[in-house]
Protein chains: 2
Amino acid sequence: MYYVVHMTFGGYVREVRETFRRDDPAYSVRRVAQRVGVEPAYLSKIERDQVAPPSEATIRRLASELRADPDLLLAMAGKVSSDLQAIVRRRPQLFGELIRELRDAPDHAILRVAREVRDGDW
Amino acid sequence: MYYVVHMTFGGYVREVRETFRRDDPAYSVRRVAQRVGVEPAYLSKIERDQVAPPSEATIRRLASELRADPDLLLAMAGKVSSDLQAIVRRRPQLFGELIRELRDAPDHAILRVAREVRDGDW
DNA sequence: TGTCATGTGTACTACATAGTACACACTCAA
DNA sequence: TTGAGTGTGTACTATGTAGTACACATGACA
């Protein structure tokens with residue numbers, strides 16, 4: 001599934017939507033656009049990367065509609081979830097140090113740290 | 001020093017600049033503005049919170065000029081450093097989980113985790 | 001054969017962001 | 001008393017963001 005990382009935002013959305021569509025006509029550009037709350041022409045342009053990715057709010061509704069991970073979709077759009085930003089902003093130096101420290105850490109190390117924190121022994 | 005958290009961006013900048021100025025006339029609005037590369041009137045408005053905080057690039061130059069922590073200044077401006085955002089965007093789910101897990105953790109717990117990572121035993 | 005839904009091209013718009021440019025009144029030092 | 005430096009008010013602007021609105025050609029299907 002990691003190949004996704006090399007896709008554009010629009011390309012990924014189109015692929016996911018078309019996959020749903022293969023066995024459900026409710027996933028046409030027009031009908032998805034309507035449920036998401038944007039104009040069909042706009043969604044069409046988004047999927048062909050003719051315009052910049054939409055706002056965070058629209059990306060979230062799109063993610064929900066396409067059963068995609070909002071954080072992943074936001075990342076593909078070059079954005080970071082505003083709730084994560086708020087957490088970091090509350091203690092910028094602390095989180096800054098931690099995140100920069102983890103920049104090159106392998107995935108499993110980050111996961112392990114997260115689990116350690118969850119079983120919080122502080 | 002934590003009272004800083006309750007200040008506005010502009011108020012903090014003004015306070016820091018005026019402190020420098022008490023024993024160095026090179027820290028007038030005009031001269032700092034010139035070194036930072038903005039119009040004096042603009043810096044004046046920033047310090048009185050008459051306009052939104054400036055761009056990340058300008059905040060960084062301001063931080064450097066005032067020997068302030070860029071992450072802190074950016075946070076006061078409601079922003080998160082773009083390099084941190086880039087790190088998170090590379091592995092959005094992983095960092096998302098970790099950061100949300102740490103939302104309510106005490107400072108020392110986050111620090112401890114960061115140190116653990118630095119003495120990286122992965 | 002008409003009509004219905006589909007995807008998309010073109011044109012336009014409202015609001016936010018990130019400032020510049022200039023003028024003005026004030027103060028202090030020579 | 002003038003002139004250099006100071007802070008700030010007002011007016012303006014360029015670019016980016018996040019879309020809407022409508023028209024059009026196409027293809028299926030009843």
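How do the residues of the surface near DNA strand C divide into nonpolar, polar and charged? They split into ten nonpolar, four polar and four charged. Here Ala, Val, Leu, Ile, Met, Phe, Trp, Tyr, Cys and Pro count as nonpolar, Asp, Glu, Lys and Arg as charged, and the others, Gly among them, as polar.

This is a predicted model, in which local features need pLDDT of at least 70, side-chain atom pairs count only at pLDDT 80 or more, and totals for chains, interfaces and linings use all residues. Residues are numbered from 1 along each chain as its sequence is written, while chains are lettered from A and ligands numbered from 1 in the order in which they are written.

Two or more residues each come from α2 (29-36) and α3 (40-47) of chain A, and from α3 (40-47) of chain B. The largest share, four residues, belongs to α3(A). Helices are DSSP runs (H or I, at least four residues), numbered from the N terminus.

Now look at how two of these helices meet. The axes of α2(A) and α3(A), lines fitted to C-alpha atoms over the stretch in contact, come within 8 Å. They cross at roughly 110 degrees, on a scale from 0 to 180 degrees between N-to-C directions. The two helices are therefore roughly perpendicular (65 to 115 degrees). V29(A), R30(A), V32(A) and A33(A) in α2(A) meet P40(A), L43(A) and S44(A) in α3(A), with contact set at C-beta atoms, placed from the backbone, within 7 Å. By class, this contact has five nonpolar, one polar and one charged residues.

Note on methods. Angles under 35 degrees count as roughly parallel, over 145 as roughly antiparallel, 65 to 115 as roughly perpendicular and the rest as oblique. Two residues are in contact if their C-beta atoms, placed from the backbone, lie within 7 Å.
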